[in-house]
Amino acid sequence: MSIFSYQEQPGYFKRLKEALKVTKDEISHQMDQVMGTADSPITESQLEDLENILIGADIGVETSLAILERVREETRGRKVLSGAQVRRMIRDQIGVILQASQEVDPGTRSTTRPRVVFVVGVNGVGKTTTVGKLAHLFKQEGEEVLVCAADTFRAAAAEQLAIWAERTGADIVQQGAGADPSAVLFDAMAAARARKKDVLVVDTAGRLHTKTHLMEEVQKMQRIAAREVEGAPHEVYWVLDATTGQNGLNQAREFFKTIGITGVVVAKLDGTAKGGIVIAIARELKIPIRYVGIGEQAEDLIPFSAEAFVDSLDL
Ligand SMILES: Nc1nc2c(ncn2[C@@H]2O[C@H](COP(=O)(O)OP(=O)(O)OP(=O)(O)O)[C@@H](O)[C@H]2O)c(=O)[nH]1
Ligand SMILES: [Mg+2]
């Protein structure tokens, strides 16, 4: 089953566009100011300004330089480019970067039952909310869902997940605060099998990559999952808070060294001017972006589409 089936969902583009509006307005507005009339030939000083606009939009220094380098190559060859042409080239470059990262993995779901999905990331990025939204999305797609409250660290975490389970009609497995997350996972995997669930979505405690024992805890959970269900965890989603911008990227690099990540979920894309981070992730991490969070409600998680993202950015 393709995980991109929701692109056809009514209002998909409209919702993505709305979430990206602040980022888009910021980039567009600044580009308009730099370019002046779209048809006059572009100068080197304008190219430098454009570079800074992209960096300011959290596309990342490395990625912004790479995008503009392609434009410069073109100007060297053809000498004179209009502002409109440059805009189009930047847009195309962004499209190529996003598309390339998506091709790292064909994006088909495991057919193993239960499919096991881990949700990991640093504190407060939106993991539990993402688990709730994923439960909703999978339910909508006709799957039976079990969620596992493996964040036993924060006292209210299981309670928060239980509310999401109730809201989405998913089953939940939880234990008391302070329980071993691997033990909760073990229970949840047994329950998922016994109740013939299609998918088990596992919420984990927030952790910093610098805390070795916490990173080892996830590795232990990965081993438990693999022992109990073939190929598990089938997905490990790393949640990034879009509002943290470049900081998130640094956290990701460290995280990915220890834990095998299969996909990125960009949460809190709504309302941030730092939406460009999506482009930096795509180019610098080379891990496919699977979903974006565009609000706090159950339906506010949409599958990522490179094409739709570029269209919505509308440069
Ligand atoms: N606007 C917006 N808010 C979001 C989104 N995703 C999560 N949030 C909010 O971000 C806050 C933190 O979300 P949680 O899901 O609790 O984050 P967490 O990573 O589980 O946090 P810890 O378990 O404490 O590490 C909550 O207030 C959520 O409602 C999103 O896509 N958009
Ligand atoms: Mg949480």
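Among contacts in the protein chain between residues at least 6 apart in sequence, what percentage join residues at least 24 apart? The share is 78%. The legends below describe a predicted model.

**Figure 1. Overall view of the protein chain.** The predicted model has 12 helices and eight strands in its protein chain. Along the principal axes, the C-alpha atoms fill a box of roughly 65 × 40 × 30 Å. A compact globule of 315 residues would have a radius of gyration near 20 Å, and the 21 Å of the protein chain agrees with this. Of the 315 residues, 44% are buried.

**Figure 2. The largest nonpolar core.** In soluble globular proteins, nonpolar side chains tend to be buried together. The largest nonpolar core of this model has 90 residues. Val147, Cys148, Leu200 and Val201 have the most contacts inside it. Helix α11, residues 277–285, gives the most to this core, with seven residues. Leaving aside residues up to four places away in sequence, Leu200 touches Pro114, Val116, Val117, Leu146, Cys148, Ala188, Met189 and Ala192.

**Figure 3. Helices α10 and α11.** Two packed helices are described by the angle between their axes and the distance between the axes. For helix α10 (residues 246–258) and α11, the axes come within 11 Å and cross at roughly 30°. Angles under 35 degrees count as roughly parallel, and α10 and α11 are therefore roughly parallel to each other. Their crossing is right-handed. On the α10 side, the residues that meet α11 are Gly248, Leu249, Ala252 and Phe256. Their partners in α11 are Ile277, Ala280, Ile281, Glu284 and Leu285. An α-helix has 3.6 residues a turn, so residues three or four places apart point the same way.

**Figure 4. Helices α6 and α7.** The axes of helix α6 (residues 127–140) and helix α7 (residues 157–168) come within 9 Å, crossing at roughly 20°. This pair is therefore roughly parallel as well, and the crossing of α6 and α7 is right-handed. From α6, the residues in contact are Thr128, Val131, Gly132, Ala135, His136 and Lys139. From α7, they are Ala157, Gln160, Leu161, Trp164, Ala165, Arg167 and Thr168.

Figure 5. Asp314 follows α12 and has a positive phi, near 50°.

**Figure 6. Leu54 in helix α3.** Leu54 lies in helix α3, which covers residues 44–56. Is Leu54 buried or exposed? A residue is buried if 20 or more other C-beta atoms lie within 10 Å of its own. Leu54 has 27 C-beta neighbours inside 10 Å and so counts as buried. When residues up to four places away in sequence are not counted, Leu54 touches Ile59, Ser64, Ile67 and Gly276. Gln9 is 45 residues from Leu54 along the chain, and the C-alpha atoms of these two residues are separated by 30 Å.

Definitions and conventions
Residues are numbered from 1 along each chain as its sequence is written. Chains are lettered from A and ligands numbered from 1 in the order in which they are written. This is a predicted model: local features need pLDDT of at least 70, side-chain atom pairs count only at pLDDT 80 or more; totals for chains, interfaces and linings use all residues. Helices (H or I, at least four residues) and strands (E, at least two) are DSSP runs, numbered from the N terminus. The radius of gyration is taken over C-alpha atoms; the globule rule is 2.2 Å times the number of residues to the power 0.38. A residue is buried if 20 or more other C-beta atoms lie within 10 Å of its own, exposed if 12 or fewer, and partly exposed in between; C-beta atoms are placed from the backbone. Two residues are in contact if their C-beta atoms, placed from the backbone, lie within 7 Å. A nonpolar core is a set of buried Ala, Val, Leu, Ile, Met, Phe, Trp, Tyr and Cys residues joined through C-beta atoms within 7 Å. Axes are lines fitted to C-alpha atoms, for helices over the stretch in contact, and angles run from 0 to 180 degrees between N-to-C directions. Angles under 35 degrees count as roughly parallel, over 145 as roughly antiparallel, 65 to 115 as roughly perpendicular and the rest as oblique. A crossing is left-handed if the near helix is turned anticlockwise from the far one by less than a right angle, and right-handed if clockwise.
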